[in-house]
Every structure is written in C-alpha cells, then in structure tokens.
Amino acid sequence: MELIVDGKRLDGRGFDELRPIKIEAGILNRADGSCYLEMGGNKVVAAVYGPREVHPKHLEDPSKAIIRYRYSMASFSVEERKRPGPDRRSIEISKVSREALEPVIMKELFPRSSIDIFVEVLQADAGSRTACLNAASVALIDAGVPMKGIVTSVAVAKVEGFLVLDPMKDEDYYGEADVPFAFLIRNGKIESITLLQMDGRLTVDELKSALELAKRGAMKIYKLQRDAILKRYVGEEVIE
Amino acid sequence: MNDILMEVRKDYVLSKLREGERIDGRSFDEMRSIEIKTGIIGKAEGSAYVKLGNTQVVVGVKMQIGEPFPDTPDQGIIITNAELVPLASPTFEPGPPDENAIELARVVDRGIRHSEAVDLKRLCVEEGEKVWMVFIDIWALDDDGNLMDASALAAIAALLNTTVPAERFEVGNDFPLPVRDLPIAVTSLVYGDWIMVDPCRDELSVGRNTITITTDQSDNVVSIQKSGPFLLSERAFEGVLDLSIRKAREVRGLLAEI
C-alpha cells in the first residue's frame, strides 16, 4: 500500500499538517467540566468530576488530591465490535495519560479529595489517546481545576521513510513507527514533555526531528484548545 | 511506618545527590551487576533467570499451536504477560495483573515485537490455519527496583534459549526459535536534571519517575515509555537517549556470552 503520493499523504495533507480539529467545552450537564473533541476520525468526550470526596476512602491522600483517569472505548467505536470494559491497552493508556496530567494539576491545593477524569472514545481513528488528552485538558480547565498550564498532545509517525504529523489509521497501521507526545504549555510556550511513548524503529536523529515536528503541531492544537475555552467563557466575539 | 521509612530514604538519596553521588556509590551511568542463567526450567521451551543487583526475575517461554490473526495469516504470535506475584514485594498483591504489571509486560513486548527479534514468518505451520504461539511469561521474584530492564533481558535471554517443540505437536522436527535481533531495555530514573540509570528501589523513593528506552543491535530505538507523573525536559530526553544506547551495547555483550 502506497501511503505517500507526490509528496502528499493519502488524505491530501502535507507532512506537517494536522487533521481537522473541532473542540467544544462544557457540553455535559452533570460533570463539573467537560469537552467534546474531534481530531480527524476521532470523536471523544471528556468529563471531569471533582475535586470531590474520595471513594473508596482508603485511597485518600492527606497531602494532596488523587488523580484518576479512565480511557474507555465504546464498543461501536471501531470496525469490529470491542467488548466493553477495560482491556490491557486501555489500562496502559489510562496510566500514562494520568501521569501526563498529574504533574500539571495543582493537586496539593485539594488534600483528601479526588479529581476524576473520564474519557469515552465514541469513534476511534489513529491517535485516540492524544485526542483524549487534548479533550481532558480542556475539560479540566472547564471544571476550574487549577493547573500549571495546559496539556496538549499529538503523535508523529514514520511513513515510507518520512516523518508525518498526526498520523491517521493507515499511516499508523502500515507505518514504521508511532510516537505519541504530550507537552505542558505554559504562557504560550512548550515547557516540558508529559507523555512520551514510542514503538517502531527510529534513529536518534529521527526521534529528535519527531520531537520538533510534534512541538509545531502541539502549538496549533493549543491555540484551538484556548479558543474553545474562551468561546465558552467570554463568548465568540473576543476571538479574533 | 512504611511512609516514614520512605521519607527517610528519600532524604538520604537527595542528600547524596546534592553531593553528586548515588547511595550505593555507583556513577550515574553505571548499572548494577548482571547475572544471566538460561535453561533453568526443564518443562519450559525456553527460560532464563536474571539478577540485576538484588532484583530477580524468571522468564519462561511456552509454545503451542493456534490460529493466526486474520491480518497476519502467515505469522506466529507473541503473547507477553507479567506476574508481579506477592512473594516479590510487600506492595504486590494477589489477583489479576494491575496497571504496573500490564505496563511492564507491554513495554517488554514492544521491544521484542518492534525490533523484530523473533522471525514470526518462520513460525507459520499452515498459512491461515496453524501458527506457533509464543507465550512469554515474566515472573518477578524480588523487586529491588527496575524490574523492567531485568524482565526485558530475561525475556530475550529466554527466547535465545527456546526450542520450538515441533515433535511434541507432531509438525516436524524441533528447531531453535529463530531470533535475529537483541533488543535491550534501559531504564533511567529522572529527578530534575539528574539521570540515574538502572535505579534501585531505594533510589525510586524520590518518585517512580522513569523512562525506558529499548534499542536494537543497530542502535535504533524500538520502544520508549515515559512512566511516572513527572515533567521531562527536552535536555533530559536527549541525554537519556544517548545514555540508553551506550548502556544497551554493554548489556548486549553479556547476552553474546551465554
């Protein structure tokens, strides 16, 4: 299968182009904060509950809030029906995603409480963990949870020898490597890496280039996350 | 009680760090001593025991014939599992694998899979019908930190030691498992600007903030996993890449000797 034709990708994108992204904050009533996000073929909903009392009680931490993150895929989100409930992949994604948000949330402000983040993938394309983190980040801000900055996530893949931003399904499946990143962005600048995984095969130089490509993509997503929050709290007219 | 001890240990590790030292006197890029034994379980198709400092782990490989995945009808299947049994640490509990065990197994699996260490095409018995399934089971015995590298090393050592039991399944003659690469995982503890390779358990009291980089024998990176709630600077990331490649070469040398 040819994935790059005349220097363009199968969906017509350039190597450093993102898929179309749509973000809407505050779409759920019961949750303290929420977000709907589309990133290419991904459609995800994120909800934040808390800070609230910890259940079960023994998980309480007297010095800070505990953070929980549940990544879950709807049974109808993929080609072949997925059995509902956590599988090994979801459990791992939940763990690394929680660890991507934890150092950014100011959890010391809420001892003995929990901040619960739930993300449901309604439709999955490639990069659903990055889409979910982007949505979770907006939902946390919508919930008014104090944070050191915003978390923005995007993946880079290697396809037919080229590094491409935000891979879609075929690029992920047939590509030579996949590197999901998430960054802490503070004051409009990328400050550090909060999520980093990789599988496939890359040289060290390719990895360094992948990081640069991901950073450029993340800055674009960050602006859209910001716009979604402004739209919810200040209204459309403020956004130029 | 445990919490207080952890705090004391943490203070000690940090006070040593401020003097530019590690608590066991190792340099920052020095791994603990490594011992590898293979073929220790007669009933398994392949097996290995690894002792990394005081961390001990056994990996057993069992094989059987099963159906291939529809998208890879001519390839064998690798299934990796890790059991963090309660004998190995007071913090491990009986029951199904928790997120730490799952992460451990999946990172080890990715190293083997993406380095294409096992030639899966040679594990096809009958295309679309029958292929060999390779079960890699990681059994932790003693967790003194960095079970990840010990498990990854034991896994590849066990695969090198594996004989495909074709005679027992009446599909031809036994043959050695075709292993064509040697993926090596190197885990470092990140604390601020400090990078400590192969952290022991006491060092992990400053926070279980690690990054695991697996490389193949051509120095390509085949798997990365940032694990733990911490902010990783770009500088630390680049530092850890070069360090991991250098260390992996050393460890790979040990595998050649077995």
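Okay, a definition to start: when we talk about the axis of a helix here, we mean a line fitted to its C-alpha atoms, over the stretch in contact. And please keep in mind that this is a predicted model.

So, let's look at two helices in chain A. Helix α1 covers residues 88-101 of chain A, and helix α2 covers residues 128-142 of chain A. Their axes sit 11 Å apart, and they pack at an angle of about 40 degrees. That angle makes α1(A) oblique to α2(A), because angles under 35 degrees would count as roughly parallel and 65 to 115 as roughly perpendicular. As for handedness, α1(A) passes α2(A) in a right-handed crossing.

Which residues meet there? From α1(A) we've got I93(A), S97(A), A100(A) and L101(A), and they meet R129(A), C132(A), L133(A) and A136(A) in α2(A). If you sort the residues of that contact, you get 6 nonpolar, 1 polar and 1 charged.

Now, over to the other chain. Here 24 residues of chain A are in contact with 25 residues of chain B. On chain A's side, α1, β11 (189-202) and α4 (204-233) each supply at least two residues. Which element gives the most? That's β11(A), with 11 residues. The side of chain A that touches chain B divides into 11 nonpolar, 5 polar and 8 charged residues.

Methods
Residues are numbered from 1 along each chain as its sequence is written. Chains are lettered from A and ligands numbered from 1 in the order in which they are written. This is a predicted model: local features need pLDDT of at least 70, side-chain atom pairs count only at pLDDT 80 or more; totals for chains, interfaces and linings use all residues. Axes are lines fitted to C-alpha atoms, for helices over the stretch in contact, and angles run from 0 to 180 degrees between N-to-C directions. Helices (H or I, at least four residues) and strands (E, at least two) are DSSP runs, numbered from the N terminus. Angles under 35 degrees count as roughly parallel, over 145 as roughly antiparallel, 65 to 115 as roughly perpendicular and the rest as oblique. A crossing is left-handed if the near helix is turned anticlockwise from the far one by less than a right angle, and right-handed if clockwise. Two residues are in contact if their C-beta atoms, placed from the backbone, lie within 7 Å. Ala, Val, Leu, Ile, Met, Phe, Trp, Tyr, Cys and Pro count as nonpolar, Asp, Glu, Lys and Arg as charged, and the others, Gly among them, as polar.
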